[in-house]
Amino acid sequence: MRFILNKTEVELPESRREDRLLWVLRDHFGVRGPKFGCGIGACGACSIHVAGKAERSCSLTVGDVEGEQVTTLEGLASGETLHPVQAAWIAENVPQCGYCQNGQIMTAAALLEEKPSVTASEIEGAMSQVRCRCGTQNRVLRAINRAGEALKTS
Ligand code: FES
Ligand code: FES
């Protein structure tokens, strides 16, 4: 069975259809952006994009993404050009320990791709689903606003 991983078609044997995607991405494909946090879809650390929407890879099987476009943090940039969310994250110096940051960035990028002029309450609603034990939420919000402005003028 096949899917597209960061713009490249990949293939796995049918016997792996029920395997959890997070572990397949990390251990089989060596893609380490998505992190293991809770393993039950509650924290967001494992977030990826499936067909442009933020999803939790710990809660998906390989079979769930058959034929789909899967993007991880590693595939967000276009060559040497960072995604506006990544650039804003650097400008706002967002991460602390960094553990939740894959989930924060992937969730924010999906949100802004869908709606660059997102409201403060929509940002809050989407980002409250990603747990950060370090308290980076204010910097996350500033970075999303910065990235939204950049996307509107690009
Ligand atoms: S590890 Fe997937 S949501 Fe926490
Ligand atoms: S930066 Fe440490 S958990 Fe969010």
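What share of the contacts in the chain with a separation of 6 or more is accounted for by residues 24 or more positions apart? The share is 63%, where two residues are in contact if their C-beta atoms, placed from the backbone, lie within 7 Å. This is a predicted model, in which local features need pLDDT of at least 70, side-chain atom pairs count only at pLDDT 80 or more, and totals for chains, interfaces and linings use all residues. Residues are numbered from 1 along each chain as its sequence is written, and chains are lettered from A and ligands numbered from 1 in the order in which they are written.

**Figure 1. The whole chain.** Five helices and five strands make up the elements of the chain, in the order β-β-α-β-β-β-α-α-α-α from the N terminus. Helices (H or I, at least four residues) and strands (E, at least two) are DSSP runs, numbered from the N terminus. The chain's radius of gyration is 15 Å, close to the 15 Å from the globule rule for 154 residues, so the chain is as compact as a globular protein of that length. This radius is taken over C-alpha atoms, and the rule is 2.2 Å times the number of residues to the power 0.38. The C-alpha trace spans about 45 × 30 × 25 Å along its principal axes.

**Figure 2. Domain 1 and domain 2.** Domain 1 covers 2–75 and domain 2 covers 84–153, with bounds from an automatic or database domain assignment. Their C-alpha centres are 21 Å apart. Contacts join 13 residues of domain 1 to 12 residues of domain 2. On the domain 1 side, strand 3 (47–50) and strand 4 (53–56) each supply at least two residues. Strand 3 gives the largest share, three residues.

Figure 3. In helix 1 (residues 21–28), the buried residues are Leu21, Leu22, Val24 and Leu25. A residue is buried if 20 or more other C-beta atoms, placed from the backbone, lie within 10 Å of its own.

**Figure 4. Helix 3 against helix 5.** The axes of helix 3 (residues 101–114) and helix 5 (residues 137–153) come within 11 Å and cross at roughly 35°. Axes are lines fitted to C-alpha atoms over the stretch in contact, with angles from 0 to 180 degrees between N-to-C directions. Helix 3 contributes Gln104, Ala108 and Leu112 to the contact, and helix 5 contributes Val140, Ile144, Ala147, Gly148 and Leu151.

Definitions and conventions
Buried ≥ 20, exposed ≤ 12 C-beta atoms within 10 Å, placed from the backbone.
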